[in-house]
Amino acid sequence: MPVETDLEPGRRPARPDVAEPGISPYRSLTPRSTVEMLARAAAVFRKDITSEFRTRYAVNAIALFAVTTLVAVGFAVGGVGISQPVQASLLWIVIYFSAMSGLSRVFVREEEARTASALRLAAAPGAVLGGKLLFNLVLLVSLEVVIVPLFVGMMHLEVSGWPLMLATLAAGSAGLAVTATVVAAIVSKANAKGALFAVLSFPILLPLLVGAIHGTQAALSSARFAAGMQDFKLLVSYTGVMFIVSLFVFRFIWED
Amino acid sequence: MFLKILLGIWMAGVIVAAFLVTPPGGRDFLDPDSARIIIFHVPNAVVAVTAFFVAMLYAVKYLRGRDLRDDAKSAISAELGLVFAALAIVTGSLFARMQWGSWWNWDPRETGMVVLLLVYAAYFALRSAVDGADRRASLSAVYGIMAIAPMLFLTLVLPRVVFSLHPPTAVAYPKAQRLVLVPAMLGFLGLYLWLFRIRTAVAEVRLKLKRY
């Protein structure tokens with residue numbers, strides 16, 4: 001790892017690729033290897049975790065929104081037996097709208113605090129996307145750790161196939177986090193961010209939500225993993241496609 | 001000018017032929033006359049998807065060349081796509097009421113069309129919410145490109161996994177029907193191109209005026 005040193009007086013800054021070994025006049029923004037890229041993404045992630053713990057805005061917004069909707073839904077239909085398709089849809093509606101209330105913070109915060117330019121200078125677009133994506137994924141998974149058991153308890157859910165249920169939740173959240181992160185980057189540069197975030201995300205996420213609801217429904221009714229295999233495949237491939245598309249387009253949003 | 005008049009006569013001919021030349025549908029149809037709607041329904045749907053595809057191509061072109069004229073073309077094509085998609089949905093819904101007894105059946109193709117409508121409605125919501133022409137252009141171009149993913153899943157994957165009331169795309173229409181359907185396709189495509197050229201000319205003049 002090259003050591004960062006201040007330039008000696010009178011010495012011209014060298015191009016990084018022809019610099020003497022061990023001395024880097026300035027750090028290149030473009031990572032040289034995948035490992036370095038991941039390390040930088042991890043640094044962005046750590047930064048986001050730290051600043052989130054200072055305000056706890058996103059965590060509070062998501063958690064309170066989730067619990068509020070859950071209680072509202074529970075009051076309305078918890079006592080009545082509702083069919084499995086309705087239960088699966090309600091679960092994903094709660095997850096989707098809770099996600100929409102907090103996942104845009106990663107980028108909106110940078111714009112509001114006017115730190116986006118500094119971050120643009122400090123890290124490559126890929127590292128920023130990676131770090132922010134990881135942060136949103138962690139946020140979403142911790143939300144689900146709380147919300148899913150609560151939902152199961154309050155709505156008297158009988159889950160027949162837990163492996164399928166967990167796989168569907170994992171793949172669904174990954175796709176949700178990927179899409180929401182890129183849309184958050186777009187929204188952070190627009191006006192009326194809050195409303196726009198849900199509006200822009202919904203049509204793009206619809207195929208994913210349909211697959212997730214269908215897979216959850218299969219997990220409620222059948223113990224076999226194969227019952228929801230097709231939906232699981234859809235979720236995984238959709239997440240993959242969105243991830244690749246976001247790698248391609250993120251540069252154009254971020255460096256704008 | 002000459003092309004415009006030709007297009008007008010052509011479309012008038014298509015409309016007349018739809019009722020006089022097209023044979024009524026077979027015994028599968030509750031009302032055989034209702035089958036004639038494909039002369040209007042299918043071209044609208046095809047042109048709508050083509051227009052969205054063109055919008056996407058111009059979005060890519062904008063991101064490569066940063067020419068605001070490409071952004072304007074992308075937006076115009078998306079706008080026209082919305083109009084044709086709405087017409088395809090309305091004609092399809094009319095036929096669904098006649099044939100299947102309900103205005104709306106949550107058929108995968110119906111759903112796909114509505115999601116496309118939602119995607120591009122969101123696209124225009126985004127455009128109206130961004131200040132600055134360059135920023136608006138690049139953000140909406142990115143969103144237009146991201147819309148490929150749902151478009152592919154809804155048009156290629158979903159109709160093959162879920163049962164659809166629609167005939168498969170490769171269905172061979174009867175020859176007498178094709179006799180009108182193909183000219184109708186060309187007519188609607190011409191209509192799209194004509195509208196596209198008018199709007200583009202206006203947008204280019206606007207961009208030039210802004211520069212001075």
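Helices in this tour are DSSP runs of H or I with at least four residues, strands are runs of E with at least two, and both are numbered from the N terminus. By that count, chain B has seven helices and zero strands. Bear in mind that this is a predicted model.

**Stop 1: chain B as a whole.** Select chain B and colour by secondary structure: the order along the sequence reads α-α-α-α-α-α-α. Its C-alpha atoms fill a box of roughly 65 × 45 × 25 Å along the principal axes. Of its 212 residues, 35% count as buried.

**Stop 2: residues 38–65 of chain B.** This is helix α2, with 28 residues, and it reaches 40 Å from first C-alpha to last, close to the 40 Å expected at 1.5 Å a residue.

**Stop 3: where the chains meet.** Show both chains: 24 residues of chain B are in contact with 23 residues of chain A. On chain B, the elements giving two or more residues to that side are α4 (108–129), α5 (133–146) and α6 (148–161). What kinds of residue make up the side of chain B that touches chain A? They divide into 21 nonpolar, one polar and two charged.

**Stop 4: the core.** The largest nonpolar core has 126 residues, and among those with the most contacts inside it are Ala184(A), Leu126(B) and Tyr143(B). Helix α7 (residues 162–187) of chain A supplies the largest share of this core, 16 residues. Finish by zooming in on Ala184(A): leaving out residues up to four places away in sequence, its contacts include Leu103(A), Phe107(A) and Phe197(A).

How values were computed
Residues numbered from 1 in each chain as written. Chains lettered and ligands numbered in written order. Predicted model: local features only at pLDDT ≥ 70, side-chain atom pairs only at ≥ 80, totals over all residues. Contact = placed C-beta atoms within 7 Å. Nonpolar A, V, L, I, M, F, W, Y, C, P; charged D, E, K, R; others polar. Expected span 1.5 Å × (residues − 1). Core = buried A, V, L, I, M, F, W, Y, C linked by C-beta atoms within 7 Å. Buried ≥ 20, exposed ≤ 12 C-beta atoms within 10 Å, placed from the backbone.
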